[in-house]
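I opened the model today to look up a few side chains and their neighbours. My notes follow in the order in which I made them.

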Amino acid sequence: MQRCALTLVLAFSSAALALDNGLMRTPPMGWLAWERFRCDIDCQNDPQNCISETLFTDMADRLAEDGWRELGYVYINIDDCWSSKERDNQGRLQADPKRFPRGIPRLSRYIHDRGLKLGIYGDIGTHTCGGYPGTTLDKVQTDAQTFADWGIDMLKLDGCYSNSTYQELGYPMMSKALNATGRPIGYSCSWPAYQGGLPPKVNYTQLGQICNLWRNYADIQDSWDSVLGIVDWFFENQDVLQPAAGPGQWNDPDMLLIGDFGLSLDQSRAQMALWAIMAAPLFMSNDLRTISSGARAILQNKVAIGINQDQRGVQGRRLIKEKSGIEVYLRPLSNGASALVFFSRRTDMPYRYMTSLKTLGYTAGVYEAFDVFPEKRLPELKDTTEFVVSVNPSGVVMWYIYPAADWWKGAEPSRFSEKLIGPKFHRYANEAYAPLVL
Ligand code: GLA
């Protein structure tokens, strides 16, 4: 009877297009092992960095104790190479007994006790990409139930050792199986990444109905080149990708490298800013035990996070690609606000880019702006005011912009979905104006 009612609601409500688990109304945030720790299973020689329960309890401690959790970084996600090479005698996946001696349910309790959520990794095929047992179609229900029994909160389902027919059956089947467990489990599908990421092979309407997020494109690596390749692909295909995203359904350009080895601080700010524009999931893959204060400040920037987490959930777009190598990106936000990113592909020196909000398509009016990374409020500007931003090579200037008329109505603390961002942002409003670079 309840099922019948649900089906009716689904049939008549256009708002119920996304996977109906009520999860991830804003892009999920947390930490994911893969990019930084890969398939290091050598716990004998590298006990601090191998894929083991110690790695995940260490990272959980850091998320809980170093201010990450309060900012929204709540998922702690296991990736490949966690399992034993054999299923148990009842056909269920099991963790490697040496590296996870207390098993996943105990780890899951540890994570939940700290107010965090646990993600795990599987693969719809014969093997995972790392060669561990995959989830063949006959195992979909068993694995969904095992994950639910263990208290898992999110599943990344990869697509190695599989083919398009198999994926077409397997990804929707797992979506149903997860829902049928009754446990809310966020569902990340790598399906489009294995089918070239674009229609007609990829059906984004269907993905929005069965997955909470999906990897569209190649794996990120610890280099600026890799970030640029991803940014190029996502914005070259923005006409297809941008409409696919919304509350509960997100494009996933892959993990944040900030805090690793390959990006300068400017490049790190650029990744944070562009991932916020893309409404991308924010999964860090770094070592939170040793992260530098510079990288931490970027990842913990409350306004950048607030922009990423805006509750309207509209993905942003690239507006302009100048011959000079400067690009302008815009994301519309709640309450008439918006985020602008000025990005430089130059390799020489800071570039002084002159424009106006009118040139960028803003309607006539007076605006307030907040410069996200220096955390400074800017002077009021009209749509017609010409201003100059100085953009570092492979860096960004990111602004949060809102109509000035609303400023003193006391509405601004609720502009961001995360309540905590309001008071700090409000405080800046009362501080001295920072001069515009003119
Ligand atoms: C694929 C995925 C990566 C990671 C590895 C693990 O390459 O795209 O994100 O999960 O498999 O083997």
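**Entry 1: a tyrosine and its partner**

I began with the side chain of Y121, which makes a polar contact with the side chain of D158 at 2.8 Å. A polar contact here is a pair of N or O atoms within 3.5 Å; within protein, one must be able to donate a hydrogen and the other to accept it, and residues adjacent in sequence count only if both atoms are side-chain atoms. I noted that this is a predicted model, in which local features need pLDDT of at least 70, side-chain atom pairs count only at pLDDT 80 or more, and totals for chains, interfaces and linings use all residues. Residues are numbered from 1 along each chain as its sequence is written, and side-chain values use heavy atoms, with hydrogens and water left out.

I then looked up where Y121 sits, and found it in strand β3, residues 117-123. Helices (H or I, at least four residues) and strands (E, at least two) are DSSP runs, numbered from the N terminus. Is Y121 buried or exposed? Y121 has a relative accessible area of 2%, so I wrote it down as buried. The cut-offs are under 20% relative accessible area for buried, over 50% for exposed, and partly exposed in between, with a 1.4 Å probe and protein chains only.

I listed what Y121 touches, leaving out residues up to four places away in sequence; among them are W82, T128, L155 and D158. Contact means heavy atoms within 4.5 Å. I also checked N77, which is 44 residues from Y121 in sequence, while their C-alpha atoms are 7.9 Å apart.

**Entry 2: a neighbour in a loop**

T128 is in the loop between β3 and α6 (140-150). T128 counts as buried, at 4% relative accessibility. Beyond four places in sequence, T128 touches residues including D80, Y121, P133 and Y161.

**Entry 3: the ligand**

Which residues are around the ligand? I found W34, D79, D80, Y121, C129, G130, K156, D158, R215 and D219; a residue is near a molecule if one of its heavy atoms lies within 4 Å of it. I sorted this shell into 3 nonpolar, 1 polar and 6 charged residues. In this sorting Ala, Val, Leu, Ile, Met, Phe, Trp, Tyr, Cys and Pro count as nonpolar, Asp, Glu, Lys and Arg as charged, and the others, Gly among them, as polar.

A polar side-chain atom of D80 lies 2.7 Å from an oxygen atom of the ligand. For K156, I read 2.8 Å between an N or O atom of its side chain and a ligand oxygen. For D219, a polar side-chain atom is 2.6 Å from an oxygen atom of the ligand. On its own the ligand has 310 Å² of accessible area, and the protein covers 90% of that. Such areas come from the Shrake-Rupley method with a 1.4 Å probe; for residues, only the protein chains shown count as cover.

**Entry 4: salt bridges**

I counted 24 salt bridges, each a side-chain nitrogen of Lys or Arg within 4 Å of a carboxyl oxygen of Asp or Glu. In R317 and D239 the closest N and O atoms are 2.5 Å apart. R317 is in strand β9 (residues 317-321) and D239 in helix α11 (residues 238-241), so this pair ties together parts 78 residues apart in sequence.

E327 and R345 also form a salt bridge, at 2.5 Å from N to O. E327 is buried at 2%, whereas R345 is partly exposed at 27%.
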